[in-house]
Amino acid sequence: MTFVSQLVLALLEGTVSGFILALMSLGLSLVFGVMRIVNVAHGEFFMLGAVLAWWITTATGSFLAAVIVAPLAVMGMAIAIERVVLRPIRYSPGATIVATLGLLYLLQQMTLMLYGPEARAVTPPLGGTIELPWFGYARYKLVLAAVAAVLLLATWGLVRATTLGLRMRATQQDPEIAQAFGVPIHRVYRAAFALGAGLAAMAGVLVVPVQQAHYLMGLDGLLLSFMVVILGGLGSIGGTVIASFLVGWIDGIASIFFTPTVARIAASLVVALVLVVRGGGLFGES
Amino acid sequence: MPTPWRSILTLHLGILAALGLLQFVLPPFHLAMITRVLLFTTYAVGYNLLLGYGGLMSLGHAMFFAAGLYGAGLPVYYLGAGPGLAFLSGLMASLLLAALVGALSLRTTGVAFSIVTMMFGQVCYLVTISLNRITLGDQGLVLAGRLAPVRVGNWILPLNAPSVRYNLALLLLATVLLVTLWLVRSPFGRVLVALREHEERTRLLGYDPFPYRWLAMLVSGGISGAAGAAYALLFSYVGSAFAAVLYSILPLLWVLLGGAGTTLGPLIGVAFMTYAVEFASRVTSAYLVVVGLTLVLVAIGLPRGIAGGLRGRWWWLP
């Protein structure tokens, strides 16, 4: 493989994983923006989406069924979690981190019990490759990118142009004043949490045909979406999407030159230093 | 009304004495378990200094434990260092790391501090993995057979003898406990607590938060590293599992479960969790479910009890 073709491949792969990352990080950013909590269990929704997608596809033979059912199932679970765990602790930031850390291990270990330690893949719903001048590229990955793009646009439209979106933005600006104006903020919280979980789950579903479903895949996803959200700025949909592609491309290009572990070390350091230099303003202190 | 100094000291010395006597009645299996509990309690005491008294929730403390672990284990494995020197080297490694990470991460507070420490913790974990040729990554290094016994005068204490392990772990815990007790009651400790309770007001009184928090981070990291170094020497094993996220989450759980800002608390938290995990691991391979369940229950069931320390204004986002 020549260097150019390697580079093109890295950029393509980076774009595809950028789309996945954008879906997932948008969910995290939305939940943080509206509810002002850091959901450490966000990666587990991603993992659950992937595992359910494998399970549904294997049981019914239809990947389309998984695309529809798995995110809805995870959203239902998120609504239950919001009611049983987050509301009793009143979304207090410190207690939420502790509780969602607990959920991280609960969901991960339950999956280990029910699904097992194996990594399993689903055959892509449409095979074949598209011939580029340098190499053939899997057609499914392009479809994946298109579906993710549509979902990102839909989320943007939801936040910008619907009553629910208006209420979310009002709650994000000032929950007390929003409530004084009759915004049912608990329902808004529930909707935001479910939507965030659903986006992560959808990312998980879409990724199963190209990457295997495994009970430990959530943590990596979580750390990557932390990076994206920190680099892109919270609450900004555009910033999140741009940062997702940046992280995707950097990860892709860095893995030409370094081992994945070294690339990940460098990325984690950069993100930590960005947070340090910006004095935590991103997480709302100032 | 603060509890008088003398009754606090009596309580702690009483607990340490009870732990000292415990070794004569414990069967061998539990002696080893409690030795582990003592080391992890030392780790928890170090963590508690930052969380309970400093109000700072680190999610990357495993890096300090691991710095102590590797700082002590690698010289033994590769250079044949003696136990005393290895322990000091582990302690120094964790102090250096804490000085550096503290200087950077303490520019943030609240949730951002948690995320920054989590990222640094992840960096350190990945470093132990990527230096595979030296550390053997997850597989780890076994120190057994390379470790000289400790010599005190004419006594020769082999580190693989259960009672030697137990008493050295207890000695470390006792030292650490008394030092932190003294520290949190010193003027330094009072400023630290004042900063936790009301940063603005403390600033107005003329205290700069940074040096106090940095020193707290240094001591906290150093104690965690000492626990790690002792773990490497007493259990003859060094592996990157101890640098992973789980070992950053566990001290948080131990301290919150037992009660932040108390001394007996971490001991109870560690003992409970160590046994819970041990028993769960006999039943299922998904034994960490116990950790998850306890974390959720602690967050829901003891919101104010734990939060007392956490609920200072920097735990609220604006």
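Q: How many residues of chain A are in contact with residues of chain B?
A: In this predicted model, 42 residues of chain A are in contact with 44 residues of chain B, where being in contact requires that the C-beta atoms of two residues lie within 7 Å.

Q: Which helices of chain A supply at least two residues each to the side that touches chain B, and which gives the most?
A: The helices α4 (93-115), α9 (217-232) and α11 (260-277) of chain A each supply at least two residues of that side, and α4(A) gives the most, with 16 residues.

Q: What makes up the side of chain A that touches chain B, by class of residue?
A: That side of chain A has 29 nonpolar, 10 polar and 3 charged residues.

Q: What is the secondary structure of chain A, and in which pattern does it run along the sequence?
A: Chain A comes to 11 helices and 2 strands, and, read along the sequence, the pattern is α-α-α-α-β-β-α-α-α-α-α-α-α.

Q: Why is chain A called as compact as a globular protein of its length?
A: The globule rule gives 19 Å for 286 residues, and the radius of gyration of chain A is 19 Å, close to that value, so chain A is as compact as a globular protein of that length. Along its principal axes, the C-alpha trace of chain A spans about 60 × 45 × 35 Å.

Q: What share of the residues in chain A is buried?
A: A residue counts as buried if 20 or more other C-beta atoms lie within 10 Å of its own, and buried residues make up 51% of the 286 residues in chain A.

Key. Residues numbered from 1 in each chain as written. Chains lettered and ligands numbered in written order. Predicted model: local features only at pLDDT ≥ 70, side-chain atom pairs only at ≥ 80, totals over all residues. Helix = DSSP H or I, 4+ residues; strand = E, 2+ residues; numbered from the N terminus. Rg over C-alpha atoms; globule rule 2.2 N^0.38 Å. Buried ≥ 20, exposed ≤ 12 C-beta atoms within 10 Å, placed from the backbone. Nonpolar A, V, L, I, M, F, W, Y, C, P; charged D, E, K, R; others polar.
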